[in-house]
Amino acid sequence: MTTAPRLEMTEVVKTFGPVRALDAVSLQVGAREVHGLLGGNGAGKTTLMNVLFGLYRADSGAVRIDGREVTITSPRDAIELGVGMVHQTFLQVDTYTVVENVVLGTTLEGGSHGAGLSAARARIADISERFGLHVDPDAVMEELPVGIRQRVEIIKALYRGASVLILDEPTTNLTPQEVDALFTSLRTMVAEGMSVILITHKIRETLAVCDKMTVMRDGARVQTLDRAETDADHLAAIMVGESHGTYQAPTVTEAVALGTAPQGTVVGDVPETTFEPGVSVRGMTVRNDHDVELISGFDLEVGKGEIVGFAGVAGNGQVELAETLAGVRPLQSGSITIDDLVLSDRATAQWLDAGVAYVPEDRHRDGILPTSGITENLLLGSHRSARVRKSGLIDWRAARQRAQEAIEKFAIRADSPATRAGDLSGGNIQRVILARAFAHRPRLLVLHNPTRGLDIGSTRFVYEQIREVTAAGCSVVVISEDLDEVIAIADRVIALYQGSQAGEWRSDRVDPYEIGRRMTGLGTSVGGAA
Amino acid sequence: MSEFLTLVVPMWVVFTLAAQGTILSGRTGVFNVTQEGVMALGASVGFVVAYKMGSNLGGLLIAFAVGALVGLVLTVMTTQLRLDQFVVGLALFFAATGAAGLLYREVIGVTMTPPKIDTLTKHEIPLLSDIPVIGEPLFRQDYVFFFVVLLSVGLYWFMQRTGAGLNFRSVGENPKAADSLGINVNLARTWSTIVGSGLVAVAGAYFPLHFTGIYTDGMIAGRGWLVIALAFLGGWRPLYVVAGAAFFAGMDVLGQKAQVIGLGVPHQFIEMLPYVATLLVMVFAFRWARQPAHLGSNYDRESRLAG
């Protein structure tokens, strides 16, 4: 009985339709322990924790807290059992003060509301003091920065008596100083007997704060390790996966012919395939949605016909990078030019006219008009072009004709050009978006996770199309979480970590381990400069 | 001056009552736009019941019940079926307006001289009613006036000074956060809309029961729409609504006076002032006059879209 762990999840299975999101995952977390839950996107970390917090119901499996089997069907149950969770997006009322947000939904003690709030204020002060989570209890939420708002979320959980605290990617929007402060608070919590589960994909942070770590991949637990018995390289290898053990770089470009140098050699060591200058990015600085400067002083050259691939774990500035290169997100400073034409600070119409095409990551939200037909969706962005206009109006006959051609060429499975885009499957939506991008005759093509969710045939088709536009001199930027994809298609691979280029390799001489280390924030003596 | 106030105070009752009913549901995120129709229906029901039963209180209570019924329809359509609040609200406005006229004609019929009921009796508060200027208009009133004063203070107390009010308001500010903390979003929206719509109907019933003693079609004369403007002007807060209602009532009475005696200003100009004031407030004081963040948007727990 005394040896029962604080939390024990056994053989948890969760399926979404045909997808097995959690495949008999087991997890043990002891008291006085910070437990890291590592893995890439889609590994099942957050799904597992959502099961624990009662947001998802597991198909099978058991949860035990302090050795006692429990059923958790809603967040309310979880909170009563002492499980608290800090989500990536905070659930707060912006117009309320800190105290009001913390007490929301609880019953206040004390005779009157005012007395109850005073008591709550005192408890919050006590929690702040004990765990180093300093906040002004009377500050209005919307005026607080992200780091403080996160503290309020933690205080909310502690106020409700959490003894197991789950944090989902808590460091994404924090400054290094705020990360240090957060980790100090977490150590204090476990020193007082709590358990903390930290969902993350950053190896360095895991090693800095965790006592134990569980690595997940594809909805399954790969391994649970003690902090003492592992190091960064070991973890990186487990995260990237054994499949890379005997990795052969695919022969994508003619640069392969030059390959005599050993793996891991930097690009500068051997003459590079030369591309005519095309797209040039200088000192680009970009903020994320929380007004945090995520990318600063970013330089990039993409030649005509060159494919540059960015490898990285989600949340390291991919969305911001893609959107800025595509002209969707404004630059704080710096410039983007195509063939000496400065595009930054210009209207989106001019980006489109200059031949910038974008395939966004979030197809449904950023890629299509769900209630419009395929014809309209394909027309977007080129609606001003002479090809689809007749006497100042849109020539719908020509537009439908184009849509019909695209449906055939891209093998979009739809009844007619009038089919609503939102009724298509994910793969077919992607084909519509790609058809639109390629029909644009791009000079700069920005692709973000272009083949996610596509089958092998479609993926191959996408790669062929990309090579076709590069043959016509288009500069291509591929941003993907799929390392294999980046290596397979790009001429140059750049590791992206926290908005910076953490290494650069020619794709015919890459070492996936090395990329894996760099994109999870580990420095090294070998390889390109960060 | 005292005479002017005596005219303003009953109109203040109408505006305050209907606006408190509007902000009650607005605070949970239900944007009610049925006021013009529900007030007409309240006037019709209030008159007919009072005339047939001989009880003005009965008229007010049945008017409340009928208004509550409209609120129930609105809330089922928007919280259960998740239909657009504005579209449903407009449909209910038309339905209620039609029902008001229909009910009167079915029960009373078309008459040369419309039947008349006794208006509500006034009660005097001793001593206080002897205060010069304000004593007569404020302390010699019917019970609806005193009810509205208590209601306004009570609503303020509930919304701003209790834990239940804190939970209640969070539903309109961030329903997802409220839901995640165990607050029943749909329940809060349902009861606030039912009670709120009932209050709006009572405000309508006040026209035949206090002012005229008779019912005529169109007697609300656009004041239902003004109530929506008043809710925004009052920043969806009970006490600001009380102040805003005084201004709206003052303008209303001035407008009527201007028509009769002529103040040298076209009465249309005075009637326009409440709208202009609302516009100015929305433009210059938007922070104070801000509405609940999720006013008018339906809540769907399963939805992954932003919000």
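Two strands are taken to pair if DSSP finds at least two bridges between them. Strands (E, at least two residues) and helices (H or I, at least four) are DSSP runs, numbered from the N terminus. The structure is a predicted model, in which local features need pLDDT of at least 70 and side-chain atom pairs count only at pLDDT 80 or more, while totals for chains, interfaces and linings use all residues. Residues are numbered from 1 along each chain as its sequence is written, and chains are lettered from A, and ligands numbered from 1, in the order in which they are written.

In chain A, six strands form an open sheet in the order E16-E19-E20-E13-E21-E22, with mixed pairing. Strands E16 (356-359) and E22 (500-506) of chain A are the edges, each pairing on one side only. From one strand to the next, the twist averages 15 degrees, where axes are lines fitted to C-alpha atoms and angles run from 0 to 180 degrees between N-to-C directions. Within the sheet, E19 (residues 444-448) and E20 (residues 475-480) of chain A run parallel and are joined by five bridges. A:Val446 stands opposite A:Val477 in E20(A).

A separate position, A:Val25, belongs to strand E2 (residues 19-29) of chain A. A:Val25 counts as buried because it has 24 C-beta neighbours inside 10 Å; the class requires 20 or more other C-beta atoms within 10 Å, with 12 or fewer for exposed and partly exposed in between, C-beta atoms being placed from the backbone. Although A:Val25 and A:Glu11 are 14 residues apart in sequence, their C-alpha atoms are 4.8 Å apart in space.
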